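Please look over the structure shown here.

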Amino acid sequence: MTAMQIIFLIVAAVTLGGALMIATSRRMMHTVLWLVLTLMGVAVLFALLQANFFSVVQVLVYIGAIAILILFGVMLTRRSMVDAGESLVHKNWWVVAVVIALLFAAIVISIQPWGAAHTPLVELMEFKEPISDLGEALVDPAAYLIPFEVSSVLLLAVMVAAIYIAVDRKGGKS
Amino acid sequence: MIPLSWYLILAAGLFCIGLFVVLTKKSAIGILIGIELMLNAVNINLAAFWHYYTQLNPSQTPLNGMVFLAIVFIVAAAETAVGLALIISAYRRRNTSVAGEMDLLKG
Amino acid sequence: MSFFRDPVVFLTQWLNGVLAGWGLPPAWVQVISFTIGGAILATGAMLFVTILIWGERKLLGRVQDRYGPNRLGPWGIFQSFADMLKIFIKEHITPVGVDLIPYNLAPILSVAAVLMVWSVIPLSMTMYGVDLSVGLLYFVAVGALGELGIIMAGWGSNNKYALLGAFRAVAQLISYEVPMVVSLLVPVMLAGSLSMNEIVKQQNIWFIFISPLAALIFFVTQIAEVGRAPFDLVEAESELVAGFNIEYSGLKFGMFFVAEFVHAFTVALIFTTLFLGGWRGPGAEQYPLLGFIYLMLKTTIVYFIAILMRGSLPRFRIDQMMDVNWKLLTPLSLILIAVTALAVKAMQPLSPWISVPVNIVLNLILIYLTQQLLVRYFKRRKIREVGSRNRPVARLEEPVTSTAESEGSL
Amino acid sequence: MLSDWLYIAIFTGIALFLPGVAIFLAAVLSPKKPDPIKTSTYECGMETVGEAWVQFKVQYYVFGLIFLAFDVETVFLYPWAVAFNKVGLFAVLEAILFIAILLGGLIYAWRKGALEWV
């Protein structure tokens, strides 16, 4: 067991633990804070995989923007400051839990025979992070120009749609 | 070092927990959070496979995985934004954010 | 002699040699030397800022025609330490109903989020924590953790004013992050890298001379990110009691102030690194220690300019602040990116003697056009009569002359 | 390089440790005399009235949303900016189109009156 493996196991435990707390937490606000912990764990996993750019972008976009937006959403859809103490979970959750445990077992068993899955991921030496190559490919018509432009159209559509839905029609203000 | 399968199993676990959250939470925002977890699990897989592929082909710089990751980020952001807008709008009309009570189309 | 030329590298090599001599494996040597280096950097940052607080209070005192602190030690130089000692031994009041973990974690997270930036800033050519390949984005991302600290403080306090203040603060922070992120594209574009060290090394011409408007936008957004006057709405005493930190006391309260002061100095440091050439100066390559002195001098000047702004400008109202961001800075920074990208690309084959002046002229034209647009907007805008339905006064019996109020407010 | 992240991790640990220890020491040293008045919620000296809830404005959501859109844009624009010196004029025009489309979203929000903080 190398130091890397120990670090990975700790990070994995924190990530999955945060995710489990999301599933069991009763207060909406705590759910979001646990979500932040899970997202942080995923960012560390990206760093372990040497995807530096995406590790930082994970913190920037997921924690800095998406989690904050969800928090705003939580605040906007509540009647009182006190979190609901009642269970936020369906009463026959255990059926779902059993089915999903079976699904997980199926996935784990199905990747066992695949030999390549057991390749150790070594540190990429002499490795220059391909941010620059990524940038070139994104604006190269032969490579990923279409996804690049389409994503901006998608963002425009998101802005227009979400503002149209969220802001009341009459008077344009809430 | 760390075998690829560890990352795959972790991603599978995260995906399963996300699915569990989606299926069991009553609050609509809770369901959105579950979807975020599932998308993150997918991202871990993509990054792990990207690393694996780069390791096997050190001469070239494969970018498919990175572009895929970036697209997942954008899709996750779009999904959260529009989903929350719908929830807020529904809350204003029905005064609830519990998914089971949004049954306007029920016959 | 090599010690005075470059003390940090000298000491690091000496330490590594000593540790390796004890028979430790290289990985442990690295961990120990990283820990010692990081501890010195973080403690040094906090101590240096403590001394700067004295300078800030002294200068603010002069701006407001006062002496400033002048009792403890020569020129009151020990005042900050006395204040720290006092706040250190004050009682920690934990109000009823707080959410203990977020409540206690929030001040720690606020300070940590600011300190973490220091690990990627190059203090001189050989003196830096780490040369991260995505250092600039790391700086932006760490800011997100500070927002989280504010939300946790507001939520954990179990006080509706704290919560409201926290959400206002976060709305301000995320809003000003948009023009900041966009204006940061300019140095990245010019340097062709996200690494802080690389950006400094590329500044044969300081980037402020290539794109002064980007520097200006970044500077304004940074003042807003720190939450200082004229953007200190976070501490709107009149509207929100005091803001998100109202339920804190003792050192937990003090930590938010430590975070603010360290943050103010850190953003000046980042501004210097990105736009003022960082540690660069005559002889800085041969003598890295000299580079560190240059960096600190430039940073202190930037910091005191921000303090002078703090002392002279009145506070924005929240709607004005949002207007400045969304209707002025954000469109302007997006247009600036397009203009700069086109101009730099079109003039790439030309020598810098032509392209740099053209860039400056383009920036100045943009500034002039914006200013004209604003002047015309405020001329056209109708100022409502005092006493009308939209601008009511408390007592209508006395006629109010509208001359004093007719000035348009941005 | 992974050693870069090792340094960041250690530095993060120190950055959390320093204020944590300071607060812990201060909590040990400081006097502890709580009483019901002192620990009650602070509201300008008034009694706290119920669990009153301030309704949040939808503007928070709108600003968060536009921020999210521009933040996600960095995922694409920063790699482009890093590669700026290597790409041609055509690539710059593509990026400008990208920015212009985003600016369109901002203008829509502006026209819709969603940027007003009322």
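The questions and answers that follow concern a predicted model.

Q: What percentage of the residues in chain A is buried?
A: A residue counts as buried if 20 or more other C-beta atoms lie within 10 Å of its own. Chain A has 174 residues, and the buried share of them is 45%.

Q: Among contacts in chain A between residues at least 6 apart in sequence, what percentage joins residues at least 24 apart?
A: The contacts considered in chain A are those between residues at least 6 apart in sequence. Of these, the share joining residues at least 24 apart is 46%.

Q: How many residues of α5(A) are buried?
A: Helix α5 of chain A spans residues 131-138 and is mostly covered. Its buried residues include A:Ile131, A:Asp133, A:Gly135 and A:Leu138. The number of buried residues in α5(A) is eight of eight.

Q: Which helix of chain D is included in what covers the buried residues of α5(A)?
A: The cover over the buried residues of α5(A) includes α3 (52-76) and α6 (145-166) of chain A. It also includes α3 (64-94) of chain B. From chain D, the cover includes helix α2 (58-82).

Q: Is A:Ala162 buried or exposed?
A: A:Ala162 lies in helix α6 of chain A. A residue with 20 or more other C-beta atoms within 10 Å is buried. A:Ala162 has 30 C-beta neighbours inside 10 Å, so this residue counts as buried.

Q: Which residue of chain D does A:Ala162 touch?
A: Residues up to four places away in sequence are not counted here. A:Ala162 touches B:Ala81, B:Val82 and B:Ala85 in chain B. In chain D, A:Ala162 touches D:Leu65.

Q: What distance separates the C-alpha atoms of A:Ala162 and A:Gly115?
A: A:Ala162 and A:Gly115 are 47 residues apart along the chain. Their C-alpha atoms are separated by 46 Å.

Q: How many charged residues does the side of chain A that touches chain B have?
A: 66 residues of chain A are in contact with 60 residues of chain B. Among the elements of chain A that each supply at least two residues of this side are α1 (3-24), α2 (28-48) and α4 (93-111). By class, the side of chain A that touches chain B has 53 nonpolar and 12 polar residues, and its charged residues number one.

Q: Which residue stands opposite A:Pro120?
A: β1(A) is joined by two bridges to strand β1 (residues 2-3) of chain B, and the strands run antiparallel. In β1(B), the residue opposite A:Pro120 is B:Pro3.

Q: How many residues of the side of chain D that touches chain B are nonpolar?
A: Seven residues of chain D are in contact with seven residues of chain B. The side of chain D that touches chain B has no polar and no charged residues, and its nonpolar residues number seven.

Q: What percentage of the residues of chain D counts as buried?
A: Chain D has three helices and zero strands, in the pattern α-α-α. Of its 118 residues, the share that counts as buried is 44%.

Q: Are α10(C) and α12(C) roughly parallel or roughly antiparallel to each other?
A: Helix α10 (residues 212-226) and helix α12 (residues 250-275) of chain C pack at an angle of about 165 degrees, with their axes 10 Å apart. Angles over 145 degrees count as roughly antiparallel. The two helices α10(C) and α12(C) are therefore roughly antiparallel.

Q: How many residues of the contact of α10(C) with α12(C) are nonpolar?
A: Residues of α10(C) in this contact include C:Phe218 and C:Phe219, and those of α12(C) include C:Val267 and C:Phe271. The residues of the contact of α10(C) with α12(C) include two polar and two charged, and the nonpolar residues number eight.

Technical notes. Residues are numbered from 1 along each chain as its sequence is written. Chains are lettered from A and ligands numbered from 1 in the order in which they are written. This is a predicted model: local features need pLDDT of at least 70, side-chain atom pairs count only at pLDDT 80 or more; totals for chains, interfaces and linings use all residues. Axes are lines fitted to C-alpha atoms, for helices over the stretch in contact, and angles run from 0 to 180 degrees between N-to-C directions. Helices (H or I, at least four residues) and strands (E, at least two) are DSSP runs, numbered from the N terminus. Angles under 35 degrees count as roughly parallel, over 145 as roughly antiparallel, 65 to 115 as roughly perpendicular and the rest as oblique. Two residues are in contact if their C-beta atoms, placed from the backbone, lie within 7 Å. Ala, Val, Leu, Ile, Met, Phe, Trp, Tyr, Cys and Pro count as nonpolar, Asp, Glu, Lys and Arg as charged, and the others, Gly among them, as polar. A residue is buried if 20 or more other C-beta atoms lie within 10 Å of its own, exposed if 12 or fewer, and partly exposed in between; C-beta atoms are placed from the backbone. Two strands pair if DSSP finds at least two bridges between them.
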